Structures are given as C-alpha cells and as structure tokens.
Amino acid sequence: MQTTLKKTVIKSTASTHFKNEVDLGLSATVKYLPSKYFYDKKGDAIFVEIMNMPEYYLTNAEYDIFKNKTQDLISVLKINHKTDFDLIELGAGDGTKTKELLKVLDNQGFKFTFLPVDISKNALSQLESTIHVELPNIKINTKQGDYFNVLEDIKTYEKPKVLLFLGSNIGNLSDAKAAEFLKKLSTALHENDKVVLGVDLIKPKHIVLPAYHDAQGITSRFNLNLLERINRELDADFNLDMFVHDPEYDEKEGIAQSFLKSLTTQQVKIGALNKTFILKKGERIHTETSRKYNETVLNALLKDSNLKIIDKLMDSNNYFADFILEK
Ligand code: AVJ
C-alpha cells in the first residue's frame, strides 16, 4: 500500500515538471524543449541505437581511451593502493566504458565501491545485474537521481573520491549551467579528489554534423520522439509528419544544436495543458545543444570552481578527451 502510494506521488510530480516545462518552452518567443526529456523508455532504446551507429564517433573514441589507456588513466588518478575510495559515476548508462576500468582496478587489487548514478532506474538495475555477473568482486551501490540533486548526497561521503562524468554528457548544458555545475561539483569534493570529465573536442563540421544527422534517420527518430512523448503523456496531437529533424553545427564556436522544424503553419493541442500552440511554417523548436570543447573553453568553465586540469587522455584519432581534474 505504502509503496504504491509513494510511487504515484513521485510519478505525478515528475509529470507535473514535464508538463510545466513543455508549457514554458512552447510559450517562449523562441520555442524550445529541454533535452533531458528525450530519455523515456523509447528514447533510451533509440539512444542505444545512436551509440552504435557509424557516424556517432563519440562512443568508440571514449571506449578507446578506457580500453587501451586504462593504465595511463589509473596512473594519472594517483590512487593509493591501501585506501578505500568511492568511484562515483554520474550518468552511468550501461557502463560499457567504465567496466574496462573496473576490471583493471579489480585485477590490481584496488579497494573501492562503485557508485553509479543515473536518472533511469531501469538503466541502473540492468547495470547492477551485469556487474554482478561479469565482475562479481566489485562492490556496487546504485543511486537514482538528477545530477544536481545527487551532489548534495555525495558531499557527505567521507572516503576519497574519483568521480566520472563521461560521454560529453556535460555538453547538453549551456556554458553558464556547466560552470554552475562544476562549481557545485567542486564543493562536493575534498582536496585531492579527482574528476574524469569526458568531452567531445571541437573539430570540423564534416565529422561532427553527421553524428547528429545520420544516414539511417536514427537521430531524427530520437528527436521526434520528444513530440511523441508529449502526445503520449500530455494528451497532445503533434502530427509527426509535419516536423523534420534539423541539426546544425557552428564549427567556429564548436556548438551543435538540434531543432524540430515545422513544415507548415499548424496548431497543436495539448490536452493536459488545455492549450493550443501555433507553429508557423519554417518555425523551429530548439531541442538540444551538444557543446564541443577545447582546453580554453574548459578552463573558462572551471574559472570559478576549485577544480584544475591536471592531465588529459585522448583517443587515437584525437576526437575526444578525458580531462583529469583535481580539487
Ligand atoms: C548524451 C548528451 C552526449 O549530445 O552527443 C546524441 C546526446 N543527442 N545524439 C550528445 C545525443 C543526439 C549526446 N549526449
């Protein structure tokens, strides 16, 4: 009884947030929808397809680092063999890259607890069961939640920490939000704690844009699923055939952005809001920012935090970097 009630309450607050944010975004002069809402069950599955597509070089690039430069990574983290530490991962997903590190740490006799954090309960329970099977020695303690909120808890942990924030997940945040996040993150750490921040590097358009505009149309389905989700959860009537996925990449700034462009002037009714929105022909809804970085950009973001770059590891193509930050 108790559990059912609690679940219902949580679910209804979550959908209230979704409803309010959709309302805010579609009422704005320049329409937008927050990218965090891509990841419902269907979106999670499409994102797995994205990670496996040939154009999405980010997955292989960071896997290359974790698989082939594991020892370098362990050395730059300067972990003491004798002290127990917490290996925290924000946005752990399926853990493919991290397992390469876990395997080597385990073989070399390091003492640690793996604490994966993810917004998706589903992803966490799957990760936990694969770890039990593949790496039975690893102590694992999963944590469900939003990155920003979870930092409050992490702050109270007393052991030395290595915190992983991989996959260029930070790239979905605006520079202002990213700087705020890094600042907050640094207050949750103790002196000498480390952060491994995986970021996609600024590079030419002919490499970046196809990662967000693939030949098979997988990213298009991913983007359009956001409208489908609004149809499903908020009783709306978006006609998906009347919108196209419209990504762009500013090579000079190093910022990729995705939009959904309205093919015609149309009205959309959102039942849960009891409102109708008008979209003009050619009008775009901004759905995602995927920022790319270099050391200058990153240092600017770290300026107001207590974190500094102490090292970096790159993949064999120099497409992607894992920066090692220290408090
Ligand atoms: C998970 C935020 C790193 O921006 O590259 C992939 C999400 N969106 N294709 C990215 C994404 C479209 C991805 N991140």
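Begin by selecting Leu224. Leaving out residues up to four places away in sequence, Leu224 touches Leu240, Phe243, His245 and Leu260. The model you are looking at is a predicted one. Leu224 belongs to helix H10. Is Leu224 buried or exposed? Leu224 has 20 other C-beta atoms within 10 Å, and 20 or more is the cut-off for a buried residue, so Leu224 is buried. Leu224 and Phe259 are 35 residues apart along the chain, and their C-alpha atoms are separated by 9.7 Å.

Next, follow H10 to its end and step into the loop. Asp235 lies in the loop between helix H10 (218-234) and strand S7 (243-250). Asp235 is not a glycine, yet its phi is positive, about 55 degrees. With 13 other C-beta atoms within 10 Å, Asp235 is partly exposed.

Go back to H10 and select helix H2 (residues 41-52) as well. The axes of H2 and H10 are 9 Å apart, and the two helices pack at an angle of about 160 degrees. Angles over 145 degrees count as roughly antiparallel, so that word describes H2 and H10. Their crossing is left-handed. To see the contact itself, show the side chains of Lys42, Gly43, Ile46, Phe47, Glu49 and Ile50 in H2, which meet Ile218, Thr219, Arg221, Phe222 and Asn225 in H10. The residues of this contact of H2 with H10 divide into five nonpolar, three polar and three charged.

The next stop is the ligand. Which residues surround the ligand? Select Ile50, Leu58, Gly167, Ser168, Asn169, Gly171, Asn172, Tyr212, Thr219, Phe222, Glu288 and Ser290 to show them. H10 and strand S11 (284-291) are the elements that give two or more residues to this shell. By type, the shell around the ligand has four nonpolar residues, seven polar and one charged.

For a second pair of helices, select helix H4 (residues 70-77) and helix H5 (residues 96-107). H4 and H5 pack at an angle of about 70 degrees, and their axes are 10 Å apart. Angles from 65 to 115 degrees count as roughly perpendicular, so H4 and H5 are roughly perpendicular to each other. Thr70, Leu73 and Ile74 of H4 make the contact with Glu100, Leu101, Val104 and Leu105 of H5. The residues of the contact of H4 with H5 are five nonpolar, one polar and one charged.

Now move to a loop residue, Leu201. Where is Leu201 found? Leu201 sits in the loop between strand S6 (194-200) and helix H9 (205-212). Leu201 is buried, with 20 other C-beta atoms within 10 Å. Not counting residues up to four places away in sequence, Leu201 touches Lys292, Tyr293, Asn294, Tyr319, Phe320 and Ala321.

The last stop is Asn318. Asn318 is placed in the loop between strand S12 (308-314) and strand S13 (320-326). Its phi is near 55 degrees, a positive value in a residue other than glycine. Is Asn318 buried or exposed? Asn318 has 10 C-beta neighbours inside 10 Å, and 12 or fewer is the cut-off for an exposed residue, so Asn318 counts as exposed.

Note on methods. Residues numbered from 1 in each chain as written. Predicted model: local features only at pLDDT ≥ 70, side-chain atom pairs only at ≥ 80, totals over all residues. Helix = DSSP H or I, 4+ residues; strand = E, 2+ residues; numbered from the N terminus. Axes fitted to C-alpha atoms, helices over the stretch in contact; angles between N-to-C directions. Parallel < 35°, antiparallel > 145°, perpendicular 65-115°, else oblique. Left-handed = near helix turned anticlockwise from the far one by under 90°. Contact = placed C-beta atoms within 7 Å. Nonpolar A, V, L, I, M, F, W, Y, C, P; charged D, E, K, R; others polar. Near = placed C-beta within 6 Å.
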